[in-house]
Amino acid sequence: MILKIYANIIRLSLDHERNGNLRHKAAFTLIELLVVITIIAILVGAALPYVQGYVAESRISKAKSDLDEIKNALAIYETREGSYNAKDVSLLTGRYLNSSPIDPWGKPFVVATGTGIVFSSGPDRIDYTSDDIVSNYQPPLALVSVKWVDANQSGAVDTQNTRDYLQLYFSRKIASNSVAITPPVAAPDTYFGWSSPNSIATSMAWNEISLDSSGNLVTISFATSAIDVFAPGSDTFWINSGTGIRDLASGTGNMCIASQPMLIFSAR
Ligand SMILES: [Ca+2]
Ligand SMILES: [Ca+2]
């Protein structure tokens with residue numbers, strides 16, 4: 001009997017100890033859970049900017065890959081059917097594109113037909129701002145030739161009576177309100193350069209610079225004081241890299257690619 005009572009006491013004691021362990025374990029698990037939740041919260045907080053950055057970048061990548069597809073479709077369209085005339089991609093849908101894609105920010109892609117570019121207005125959803133994502137479907141804007149016109153037929157580069165002038169031919173259209181072709185030009189040597197020892201800023205009548213109606217030809221007359229300012233056939237002319245000649249007036253317009261120094265030839 002005594003032995004039985006003693007055995008029961010031991011069993012109760014063991015049960016009590018086990019219950020205590022369970023309670024202890026339960027409490028410990030709750031603390032672990034709180035720690036884990038805190039760590040997760042910290043990690044999520046730290047990762048959020050990266051996730052947002054990743055989302056922004058993947059949207060830009062998507063816009064670029066859509067633009068690649070549209071650009072190719074536009075090039076094929078122009079090869080088969082002539083100039084593309086719509087301001088959106090609607091004419092391409094069906095035959096050249098499976099569907100009319102919308103950019104990742106919910107706006108239609110824009111085709112700037114006069115300048116051979118197609119673009120997404122980008123995250124700000126506004127056309128012609130610096131975040132636009134642009135693709136050329138026509139060759140890039142480049143200076144093709146530079147010619148001296150001996151307008152007064154003197155056989156020399158001068159400005160007697162009728163002034164001589166330079167003709168700059170571009171690979172395609174430039175917007176008439178492009179920075180470098182809007183007179184008066186404050187610092188022409190920012191935009192243009194040449195190999196003549198004479199200053200290009202003072203040799204030319206920059207406030208008379210003009211773009212003809214085709215959009216491809218820029219004319220610059222010599223300043224009245226300019227006499228024998230360069231030697232046709234040996235001096236060169238170029239567009240400075242990254243400055244004002246572009247075929248759209250604002251935003252990420254298609255800038256003229258920096259040209260090789262180009263020999264100035266006589267037009268006659
Ligand atoms: Ca924009
Ligand atoms: Ca002349």
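How many bridges join E1 to strand E2, and in which sense do the two strands run? In this predicted model, 3 bridges join E1 to E2 (residues 117-120), and the two strands run antiparallel. Within this pairing, Val111 stands opposite Val118 of E2.

E1 and E2 belong to an open sheet of 3 strands. The order is E1-E2-E3, and the pairing is antiparallel. Strand E1 (110-112) and strand E3 (133-136) form the edges. Each of these edge strands pairs on one side only. On average, neighbouring strands of the sheet are turned by 25 degrees against each other, direction ignored. In general, the strands of a sheet pair through backbone hydrogen bonds, either parallel or antiparallel.

The protein chain as a whole contains 3 helices and 10 strands. Read along the sequence, these elements follow the pattern α-β-β-β-β-β-α-β-α-β-β-β-β. The chain has 268 residues, of which 27% count as buried. Contacts between residues at least 6 apart in sequence were also examined. Of these contacts, 58% join residues at least 24 apart.

Further pairings involve strand E10 (residues 262-266). E10 is joined to E4 by 3 bridges, and these two strands run parallel. Here Lys147 stands opposite Phe265 of E10. E10 also pairs with E9, in the antiparallel sense, over 2 bridges. In that case Thr236 has Leu263 of E10 as its bridge partner.

Attention now turns to the nonpolar cores. In soluble globular proteins, nonpolar side chains tend to be buried together. The largest nonpolar core of this model has 31 residues. Ile174 and Ile220 are the residues with the most contacts inside this core. Several strands give two or more residues to the core: E4 (143-149), E5 (165-170), E6 (192-194), E8 (217-221) and E9 (236-239). E5 gives the most, with 4 residues.

The surroundings of Ile220 can be listed in detail. Its neighbours within four places in sequence are left aside. Ile220 is then in contact with Tyr165, Leu166, Met204, Trp206 and Ile209. Another core lies apart from the largest one. This other core has 17 residues, among them Tyr77, Tyr84, Leu92 and Tyr137.

Terms used. Residues are numbered from 1 along each chain as its sequence is written. Chains are lettered from A and ligands numbered from 1 in the order in which they are written. This is a predicted model: local features need pLDDT of at least 70, side-chain atom pairs count only at pLDDT 80 or more; totals for chains, interfaces and linings use all residues. A nonpolar core is a set of buried Ala, Val, Leu, Ile, Met, Phe, Trp, Tyr and Cys residues joined through C-beta atoms within 7 Å. A residue is buried if 20 or more other C-beta atoms lie within 10 Å of its own, exposed if 12 or fewer, and partly exposed in between; C-beta atoms are placed from the backbone. Two residues are in contact if their C-beta atoms, placed from the backbone, lie within 7 Å. Two strands pair if DSSP finds at least two bridges between them. Axes are lines fitted to C-alpha atoms, for helices over the stretch in contact, and angles run from 0 to 180 degrees between N-to-C directions.
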